[in-house]
Amino acid sequence: MPDAIRPPIPMLDLASEVDGLWDEVRPAVERVLRSGQFIGGPEVQAFEAEVAAFLGVRHAVGLNSGTDALVIALEALGVGPGDEVITTPFSFFATAEAAMRLGATPLFGDIDPVTLNLDPETIPPLLSERTKAILPVHLFGLPAKMARIVEIGRGAGVPVLEDAAQAFGAVYSGACAGCDGARDGACDEAVRSELAGRKVGALGTAAAFSFYPTKTLGAYGDAGMLTTDDDELAAHARRLRNHGSRPDDKYVHDLLGHNSRLDALQAAVLRIKLRRLPEANAARRRVAGWYRDALADAPGVVLPPDHPDHVFHQFTVQVPAGRLEAVRQALGAGIAHQRFYPLALSAQPVMGEVATPPVVAEMCDRVVSLPIHPGLGEGDVRWIADRLCSAL
């Protein structure tokens, strides 16, 4: 099809997704509306139970956003003013914002140049008596090197909170994407064996999920969730989401909380999509395979790791230094694309004078994310690849 008449390719086609789910979504929405229970209630409780069973965790606490999930998780872990949280500066702002909202300071490690996830070996130099949490991000749908991160956290007595906003449904194989055999061997075998086969969200002390509509499991509005095996942490989070009220008397408050409740309409939609998630993630991997074939010979392009753990929330490629703008112009208005993330968290004005680690600084000027969703066709992938290669 000539480019002039080819319809634009979006990053994500939510309208088509709604069409495909409409026969299930419509009665679910009607069920909630006729129930008269719009906040919490049986629909939310059922979704929490289904997520807990799907992920293999004891507790899933529905919240109103992924950002609140991070804030409430850190607060339930005891993070507060004067504390420090070690994380990656190559992520969405909420990752660092959550710590700052509690009066804590985010400290930034560097990232692995292949996976773009937090490099575990940059964590130990940042540890101190003020460290209250380690916060890795499973960026773009690829699990971080959790065996090593959990090992570091346990050795320092510091809890690990997963920012799993972009990776719902990913399974941690126990192998570290992007590592050679020697580096992989640096992970403690007992820890690796313990975590292998678990899903993201069941790897650390707790995890925070976003169900923003663009995520691998996306609501049709804002929604989030905290998961954990820690009974006390889960109970604390449930109180925090409802203004800090006591479970036996909602009009008694002996701690300050938040208004962060998951509404029933979103829970009803998410229950439908949770059942379809394995199929949807398999489709994302299939599209990623088409990209891999089409871009195999693209000069200077570094593709995301071909790793079984990856659920490809984004298909993010690295282009040669200095060629990013040319690639963006070649993709033009007809092919949606995004720069995640053009400005590191460490470089955000609100951070003040904070150094940006070297690999992060390089990747901010080299990465671009291409359209990927279950409905994307192989012909569209080839066209996108051809346009990208034309700029190189």
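Trainee: How many aromatic pairs does a search of the whole structure find?

Mentor: The search finds 10 aromatic pairs, where rings of Phe, Tyr and Trp (its six-membered ring) pair if their centres lie within 6.5 Å. This is a predicted model, so local features need pLDDT of at least 70, side-chain atom pairs count only at pLDDT 80 or more, and totals for chains, interfaces and linings use all residues. Residues are numbered from 1 along each chain as its sequence is written, and side-chain values use heavy atoms, with hydrogens and water left out.

Trainee: Why is the pair of Phe140 and Tyr341 called stacked?

Mentor: Planes under 30 degrees apart count as stacked, over 60 as edge-to-face and the rest as tilted. Phe140 and Tyr341 have 15° between their planes and 6.3 Å centre to centre, so they are a stacked pair.

Trainee: What makes this pair a link between distant parts of the chain?

Mentor: Phe140 is in the loop between strand S4 (131-135) and helix H5 (146-156), while Tyr341 is in the loop between helix H10 (324-331) and helix H11 (358-363), 201 residues apart. Helices (H or I, at least four residues) and strands (E, at least two) are DSSP runs, numbered from the N terminus.

Trainee: How do you know whether Phe140 is buried or exposed?

Mentor: Buried means under 20% relative accessible area, exposed over 50%, partly exposed in between (1.4 Å probe, protein chains only). Phe140 has 3%, so Phe140 is buried. Tyr341, with 10%, is buried too.

Trainee: Nice! What makes Glu24 and Arg276 a salt bridge?

Mentor: The term asks for a side-chain nitrogen of Lys or Arg within 4 Å of a carboxyl oxygen of Asp or Glu. In Glu24 and Arg276 the closest N and O atoms are 2.3 Å apart, so the pair qualifies. Glu24 lies in helix H1 (residues 14-35) and Arg276 in helix H9 (residues 264-294), so the bridge ties together parts that are 252 residues apart in sequence.
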